[in-house]
Amino acid sequence: MLAGGGARGYAHAGVLKALEHYGYRPSALVGVSMGAVVATAWAARGDWYETLLALDTQVFRGPMSDRTKPGSFVERLRRTWSWARTAEDLLFSWGPGSRAVDAGRTFLETLIGPVGLEDLAVPVAVCATDLRSTERVVFRTGPATTAVYASAALAGVLPPLPHERGLLADGAYADVAPIDVARGMGVDHVIAVDPGQLMPTPQVGNGLQAVLRATEICHRRHADLRFNQADLVLRPRFRRPIDTLEFEASRECVAAGAREVRAVRSRLKALLRDERRRPDAPPGHDHR
């Protein structure tokens, strides 16, 4: 089960590459948001890793990923204009990503291709959220790029997807860790990858900062309860804060995912030992 996390979701690529290196391959995948992007790409094409890292993500950059401190007057003016334009986009359209919809769809079509979820190498479930009904929406069939776009449509960044199943947006809103979907796909063990990040901060000095931090803590603790329903949770350790749209840190995130697999290798081996002995298991495959 591959969760969201924006740019941090590139850690999923590192996890999958490391698992393959040690002889493990998922027999089914469930993806949410960026996890859906990586899961579907992995199941759609043999060169998924190279293609994913080579794709241009510049179009998704914005104020959310700009951590630089304002310096000169010109730089402060640039940042002020950027935030003002973002606020205008949020008030009068679906957000700054509205201008990047075509590029986003091209990104997914290049990465995944014109395939249906039912045609992928292994079963893949993609989870989205219906903003109107608040319900989780699970795709198991149909155009893969449509399902993945819906799952990754982060509110305020990309417009939600009008669909016969609702007004669809990022799957993490309804369920950050749909472990039950994974168990319903007939697997023996569920391994979840959680690229979430809640780092200590000394910057809580006013009411707004306290509200934002409390909301962040609440979300993280609820996520932990969901993830802990898996048989094993991989939590890549990032060496610094990485923002949601900081895609320039993709290789840094990939490395974090690979490090986490190495760190839990003994636990993986113990969990999946029985599957390695099964005579009906294809070489190099473990059921999870």
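Tutor: What follows is a conversation about the chain as a whole, then about a helix pair, and then about rings and charges.

Student: What should I know about the model before I start?

Tutor: This is a predicted model, in which local features need pLDDT of at least 70 and side-chain atom pairs count only at pLDDT 80 or more, while totals for chains, interfaces and linings use all residues. Residues are numbered from 1 along each chain as its sequence is written, and side-chain values use heavy atoms, with hydrogens and water left out.

Student: How many helices and strands are there in the chain?

Tutor: Helices (H or I, at least four residues) and strands (E, at least two) are DSSP runs, numbered from the N terminus. In this chain there are eleven helices and seven strands.

Student: How much of the chain is buried?

Tutor: A residue is buried when its relative accessible area is under 20%, exposed when it is over 50%, and partly exposed in between, with a 1.4 Å probe and protein chains only. Here, buried residues make up 50% of the 288 residues. Helix α2 is largely enclosed by the rest of the structure, because ten of its eleven residues are buried; among them are M34, G35, W42 and A43.

Student: At what angle do the axes of α2 and α6 cross?

Tutor: Axes are lines fitted to C-alpha atoms, for helices over the stretch in contact, and the angles run from 0 to 180 degrees between N-to-C directions. The axes of α2 (residues 34–44) and α6 (residues 144–152) come within 8 Å and cross at roughly 160 degrees. Angles under 35 degrees count as roughly parallel, over 145 as roughly antiparallel, 65 to 115 as roughly perpendicular and the rest as oblique; α2 and α6 are therefore roughly antiparallel to each other.

Student: Which residues of α2 and α6 meet?

Tutor: Contact means heavy atoms within 4.5 Å. On the α2 side A36, V37 and T40 take part, and they meet A144, V148, S151 and A152 of α6. The residues of this contact divide into five nonpolar, two polar and no charged, where Ala, Val, Leu, Ile, Met, Phe, Trp, Tyr, Cys and Pro count as nonpolar, Asp, Glu, Lys and Arg as charged, and the others, Gly among them, as polar.

Student: Where is A147, and what is it in contact with?

Tutor: A147 is placed in helix α6, and at 1% relative accessibility A147 counts as buried. Leaving aside neighbours within four places in sequence, A147 is in contact with L117, V126 and F139.

Student: How many aromatic pairs are there?

Tutor: A pair of aromatic rings is described by the distance of the centres and the angle of the planes. Rings of Phe, Tyr and Trp (its six-membered ring) pair if their centres lie within 6.5 Å, and planes under 30 degrees apart count as stacked, over 60 as edge-to-face and the rest as tilted. By this rule there are two aromatic pairs. The rings of Y10 and F247 have centres 6.2 Å apart and planes at 75 degrees, so this pair is edge-to-face. Y10 lies in the segment before α1 (11–21) and F247 in the loop between β7 (232–234) and α9 (250–263), so that the pair links distant parts of the chain, 237 residues apart. The rings of W48 and Y49, with centres 5.6 Å apart and planes at 75 degrees, are therefore edge-to-face.

Student: Which residue lies over the face of Y49?

Tutor: A charge sits over a ring if NZ of Lys or CZ of Arg is within 6 Å of the ring centre and within 35 degrees of the ring normal. K17 lies over the face of Y49, at 4.9 Å from the ring centre, and the charged end of R165 sits over the ring of F139, 5.0 Å from its centre.
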